[in-house]
Amino acid sequence: MIKPVILWTDALVFLLVGIVVVFAFYARRHEHLRAPWREVVRGRIAVASLVVLAFYTLTGLLDSVHYRKALPMQDGQVEVQYGGEVFSLLDALLGDVGSQVEKTYSAPFAYTLYTRETVVDENGVQKRIFPRLKYGGAHLDDPATQRGADIAARSLAALWQALAFMLVLTLLLSLWLAGRWRLSPARALRRLLRGDSDVPWRTALFTIFLFALLAALIVNLASAWHVLGTDKVGKDVLYQTLKSVRTGLVIGTLTTLIMLPFAVTLGMMAGYFRGWVDDVIQYLYTTLNSIPGVLLIAASVLMMQVYMDTHPELFETMAERADLRLLFLCLILGITSWTGLCRLLRGETLKLRELDYVQAANAFGVARRVILVRHLLPNLMHLVLIAVVIDFSGLVLAEAVLSYVGVGVDPTTMSWGNMINRARLEMAREPMVWWSLLAAFSFMFTLVLAANLFSDAVRDAFDPRLRR
Amino acid sequence: MTQTLLDVRNLKVRLGRGGNAVRPVDGVSFSIARGETFALLGESGCGKSMTALSLLRLLPQPAGEITGGSVRLDGEELLAQPESGMRSIRGGRIAMIFQEPQTSLNPVMTVGAQIAESLALHKQMFGDAARAEVIRLLDAVGIPDAPRRYGEYPHQLSGGMKQRVMIAMALAGDPELLIADEPTTALDVTIQAQVLELIAGLQRERGMAVLLITHDLGVVAGMADQVAVMYAGQIVEQGPRDLFYAEPRHPYSRKLFAALPDSSKRDRRLTVIPGTVPPLNQAFHACRFAERCDRAWDLCRRREPGWFELAARRGVRCHLADPGVEAPPEAGSGADEEERHVAAPADGAGHELLSVTDLKVHFPIQKGFFRRTVGYVRAVDGVSLSIPRGETLALVGESGCGKTTAGKGILQLLRPTGGRVCFEGTNLLELKGEALRRRRSEFQIIFQDPFSSMNPRMTVGDIIEEGMVAQRIGGTASQRRERVERLLEQVGMRPEHRSRYPHQFSGGQRQRICIARALAVDPRLIVCDEPTSALDVSVQAQILNLLKDLQGQLGLSYLFITHDLSVVSYLADRVAVMYLGRIVEEGRVDDVLDRARHPYTQALLSAVPALDKDTQREIIRLEGDMPSPANPPAGCHFHPRCPHAMDICRVRYPDTEALSPTHTARCHLLTS
């Protein structure tokens, strides 16, 4: 028995997905929107980054379907009671990794703790030893000798699974392409493997293979080992890193969703109406820009914190509380970051409003709001799109910085920023604990790098000034 | 004189790679003698600029590549030179000036420093010697007060001055050959006359050869010794100027002459060249002009014509010139069709449709934190004119004289500061909001730039329909669609074009769509704001024909804003000449063009490059540039440049003087 839970950010994330899907269908039917996207997916780097982003998005979406488990029925109980803990589909896929908590630090693929403990053996003698882990490598009798073989066997299994998956995927793809290219499936397959196509399918397949292999390795190894070790309270680091993906994506996308209406409407109004409207909007964003952003964010987040602390009755579960704080962080980041895009759009609108086609619409007596929507907005969309993809990586990094400062997401929310914040102390201890930082760093780095490369490709395709 | 300076043989250029590679220059051969002016004439996209750039090996990289041929300067092969060798040739032995003086100068360097840079490179001149030489050069190109101009920045100079600075910079290396790529296209006609005269004078003085690239037959007539016509990447005809102008041999050259509008063709349709220049990304196996040629027969579509020498340095690329081929006789019916009389004006002509009295459009100049108004730019300062039904009034003037602002003020796209605009008895200045919006269907506008006048994100059908939707005319959606298709046919396009996007059409086609868009709301008056100045001569003829036909069919009135006097003489019934926000002379087209009385009109007319060199009038040189409308000179605005200025001109603006019932002017010369 489960009870679905829809958190605020879940709803907004799926709203965003819906918008993207609707836009995709709209763009399919409009050549001027389709053409630049077609150019984007012709670049090898762009396609590889797109695959990376797709895997991150998939992880994030799986982690956005939440539910609560029913508690076992007690005697005489009529109504079903649900547990206070909120799970997601990702938790279900990963199995028990989230609940396999050790006592404290352990290194990647370790079978003992990272610290010595004093234990009393059966002879009553006190000893300082590295005790065995409760879960990591617990299925082996003699891990010291069997560990290598076990990891190798599990990795090999993962490799076979990934290869089998890729085989099926390649065949399906060549069948589909055979229909589009009007070739026999065998010839389509050969052409696909030669890399002789407009869209670099071979690159896409190779990147998918890398990620499929990674996923298979995680599924096979994580049930028996702590692949990336455990943290201070014994929680699996890999699990935390995967759960952090959603936080990063939410911050990167929802902030833009919140920012866009401000930036677009105010920027267009300032540029089109001029006069006092322009003055008011300019003063507004100049003032907002002069306040140090971190200060504003810190003040708002702390106020929110106090409010939530004094009203605990508003939240059924801890997850809801943490989620609201995440949403609020997006909101405040959005409110402080619309100014740049707004300024850009104002300038572009100032230029567009003098163009002949806007003048022609004026000469027809077309209403001003129609001119804004029909003539100006579509010709500004490329700027908006470029700004959105470029801002994304900046916002993911901003979350890490804010959490490090302590005004970011809730400490109970798993996020890369929180992990890095904790790693500050771990790096200082002797012997050093390095895996937490490394895990957060490499996952965040991959995402931001892919986002940056993708945004470069999008800008090249959409910016008319860069056309060759 | 006859010693060859530059010899180009079979030059070929390719842009891009693979199946879509474009060959903008495909086997071009010519030679330039020392001290000669060689004109390369052609429409846009025919490869003349690419030819010039490839002589200097300045093709856009990495796309451009010279794939064959030879370029010899004084017997020295330029294509075999290493890049370091080319650096001393560029700017040293061959110099180049470009079309846009605005973008060819570095805005953060003083004019003097930019010229001195060239001297340091090519003559190793530095310090005071270089400074003295720069000032001498600035003097040579006719810049007054050269020592002061030395330290000024490009933005402090006018367009004509900047082009002079560009020429001074080109002269710095004492070039043997000057390549001038459309040097006067961006300039006004009076400034153009000054710059052309300067180039011709310098050439005589220095014995330098000039490669003049232009699309303007008039400029060529005044300047060139030898003319070559380019079409689709090849030279189709070459010859000494006098022979070429007396008897052009290639059908394309003949059509170019025939397509030029002037007063003698008023009652006829202009000759048009149907179709467009073929795309250059294909391999040609036929004559490149065959599709558009009225003399073409099956041989033209089978075999590419070779080059036929007719005389020394005179040749043509056409099967008609081949003595071994018997050409079919010239068809008579086609010519008749084209010279058909333009339809007579519709009934009801002659009644006044629009009358503008004392129109003023002033823009406030605001300064400081509180935007205090410190002055006004008097863009339009008391313009009065009237247009009868079914007639065309041409508003003529140089850039910056306020003619476009006047047009927009009449249409209420800019709200005028004062005056009356009576459209069929209603003063449009008194209409506001919804009342004005409803009247907007009756007066429409066609813009100069066919590329920016349509929203690139809308289909042609939606663009044409927009006005009908806004004005709630045209009935249901399907009726509107039918009307869009009818309109497209009316302007010479096909109904299925309605589902395409503007970028899929050429400049001339887009201008047709813009005309259809304006016609969609059944206007009575159309303001045409330089509708043909961005188009080639052959396309311009198509649009002018269309405008004239529509006037005949629908009884439209046009306010035709232009700087091109040949178009005026072909199309207009009445002409108003504008200078610095005011109309200085107005009258019927023959009054103004043949019996101009105002010194400005006379200067404007004399500056137009004439096709026929024998009748070329003495050019009345106007000193300096048009003053700023923010700070017009006291008295008559024209007096600082006027060759006949008197004392009274500096004191008082002259009143309107009626010279005949149909001809007025504002000049003190006419009262005294």
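The following dialogue treats the reading of several features in a predicted model.

Q: Which conventions apply to the numbering and to the values?
A: Residues are numbered from 1 along each chain as its sequence is written, and chains are lettered from A and ligands numbered from 1 in the order in which they are written. Because this is a predicted model, local features need pLDDT of at least 70 and side-chain atom pairs count only at pLDDT 80 or more, while totals for chains, interfaces and linings use all residues; side-chain values use heavy atoms, with hydrogens and water left out.

Q: How many helices and strands are there in chain A?
A: Helices (H or I, at least four residues) and strands (E, at least two) are DSSP runs, numbered from the N terminus. Chain A has 15 helices and five strands. Its C-alpha atoms fill a box of roughly 100 × 65 × 55 Å along the principal axes.

Q: What share of the residues in chain A is buried?
A: Buried means under 20% relative accessible area, exposed over 50%, and partly exposed in between (1.4 Å probe, protein chains only). Of the 468 residues in chain A, 44% are buried.

Q: Among contacts in chain A between residues at least 6 apart in sequence, what percentage joins residues at least 24 apart?
A: A contact means heavy atoms within 4.5 Å. For chain A, the share is 70%.

Q: In a strand, how do the side chains relate to the two faces of the sheet?
A: In a regular strand the side chains alternate between the two faces of the sheet. In strand E19 (residues 525–529) of chain B, five of the five residues are buried. Leu525(B), Val527(B) and Asp529(B) lie on one side of E19(B), Ile526(B) and Cys528(B) on the other, and both faces are covered.

Q: Which strands pair with E19(B)?
A: Two strands pair if DSSP finds at least two bridges between them. Strand E18 (residues 443–446) of chain B runs parallel to E19(B) and is joined to it by four bridges; there, Gln444(B) stands opposite Ile526(B). Strand E20 (residues 557–562) of chain B also pairs with E19(B) in the parallel sense, over five bridges, and Phe560(B) in E20(B) is the bridge partner of Cys528(B). From E19(B) the chain crosses to E20(B) through helix H19 (residues 537–554) of chain B, in a right-handed β-α-β crossover. Right-handed here means that, with the strands pointing away from the viewer, the path from the first strand over the helix to the second runs clockwise.

Q: Do strands E4 and E5 of chain A run parallel or antiparallel?
A: Strand E4 (residues 117–120) and strand E5 (residues 126–129) of chain A run antiparallel, joined by four bridges. Val120(A) stands opposite Gln126(A) in E5(A). The hairpin has five residues between the strands, and Gly124(A) takes a positive phi near 80° in it.

Q: Which residues of chain B have a positive phi without being glycine?
A: Most residues other than glycine have a negative phi, and most peptide bonds are trans. Gln124(B) has a positive phi of about 50° and is placed in the loop between helix H4 (111–123) and helix H5 (127–140) of chain B. Gln412(B) has a positive phi of about 65° and is placed in the loop between helix H14 (403–410) and strand E16 (418–423) of chain B.
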